[in-house]
Amino acid sequence: MRERFWERFDLEELTDEEWEALCDGCGQCCLLKFQDEESGDLAVLNVACELLDIQSCRCSDYDNRFEKVPDCTQLTPERIDDFRWLPKSCAYRRVAEGRKLAAWHPLIAGGPERMHRKGISVRSFAVSQREVPEEELEEHIIAILPIDA
């Protein structure tokens, strides 16, 4: 990877390896979400995709995630604007908005532990989708995000 690529190149110019390395590994994009059809608002749950390893906050089957989880969405530089729900802490969002990576980001801190200690990741509060019956999902809403239509 190129040195400090996130500061020197636009998202569209990153290699696949650099794009993947930019992910801070917080797991927030892997939390289940429901969108209200009328308002467009997004309900975020503390329930993580069944493939998310909550301890590491990484997908347990990244290469096959689209086959195993049809609703899994792929974030790409071209689609960054479609993901307005990404948290302000998200490295993809920060770079797209012209902001620097946070000091806790694994590329800056040398690994993910600082991010976990700061409480940025879902490690401390997420539960696996495997543990929550579908009829109880609404009880796990932790935020409602207004999304412009």
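Reply: Let us begin with position along the chain: helices (H or I, at least four residues) and strands (E, at least two) are DSSP runs, numbered from the N terminus. Here, aspartate 61 is found in the loop between β4 and α3 (65-68). This is a predicted model, in which local features need pLDDT of at least 70 and side-chain atom pairs count only at pLDDT 80 or more, while totals for chains, interfaces and linings use all residues. Residues are numbered from 1 along each chain as its sequence is written, and side-chain values use heavy atoms, with hydrogens and water left out.

Me: Is aspartate 61 buried or exposed?

Reply: Buried means under 20% relative accessible area, exposed means over 50%, and partly exposed lies in between (1.4 Å probe, protein chains only). Aspartate 61 counts as buried because its relative accessibility is 15%.

Me: Which residues is aspartate 61 in contact with, leaving aside neighbours within four places in sequence?

Reply: Contact means heavy atoms within 4.5 Å. On that basis aspartate 61 is in contact with Leu51 and Lys68.

Me: Where does alanine 96 lie, and what does it touch?

Reply: Alanine 96 belongs to helix α4 (residues 91-96). With a relative accessible area of 44%, alanine 96 is partly exposed. Not counting residues up to four places away in sequence, alanine 96 touches Leu11 and Ile80.

Me: Where is threonine 15, and how many residues separate it in sequence from valine 127?

Reply: Threonine 15 is placed in the loop between α1 (5-8) and α2, and its relative accessible area of 37% makes it partly exposed. Threonine 15 and valine 127 are 112 residues apart in sequence, and their C-alpha atoms are 33 Å apart in space.

Me: How many aromatic pairs are there by the rule for rings?

Reply: Rings of Phe, Tyr and Trp (its six-membered ring) pair if their centres lie within 6.5 Å; planes under 30 degrees apart count as stacked, over 60 as edge-to-face and the rest as tilted. The count by this rule is three aromatic pairs. Phenylalanine 83 and tryptophan 85 form an edge-to-face pair, because their ring centres are 5.6 Å apart and their planes stand at 65°. Both phenylalanine 83 and tryptophan 85 are buried.

Me: Which residue lies over the face of tryptophan 85?

Reply: A charge sits over a ring if NZ of Lys or CZ of Arg is within 6 Å of the ring centre and within 35 degrees of the ring normal. Lysine 33 lies over the face of tryptophan 85, 4.5 Å from the ring centre. Likewise, the charged end of arginine 2 sits over the ring of phenylalanine 9, at 3.7 Å from its centre.

Me: What lines the largest pocket?

Reply: On a 1 Å grid over the protein atoms alone, a pocket is an open set of points where a 1.4 Å probe fits, with protein on both sides within 12 Å along at least five of seven lines; lining residues have an atom within 4 Å of a point. Grid points are joined across faces, edges and corners, and a volume is the space filled by probe spheres set on the points. The largest pocket holds about 1400 Å³ of space. It is lined by 48 residues, and those closest to its centre are Cys29, Cys30, Cys72, Thr73 and Trp85. The largest share of this lining, five residues, comes from β1.
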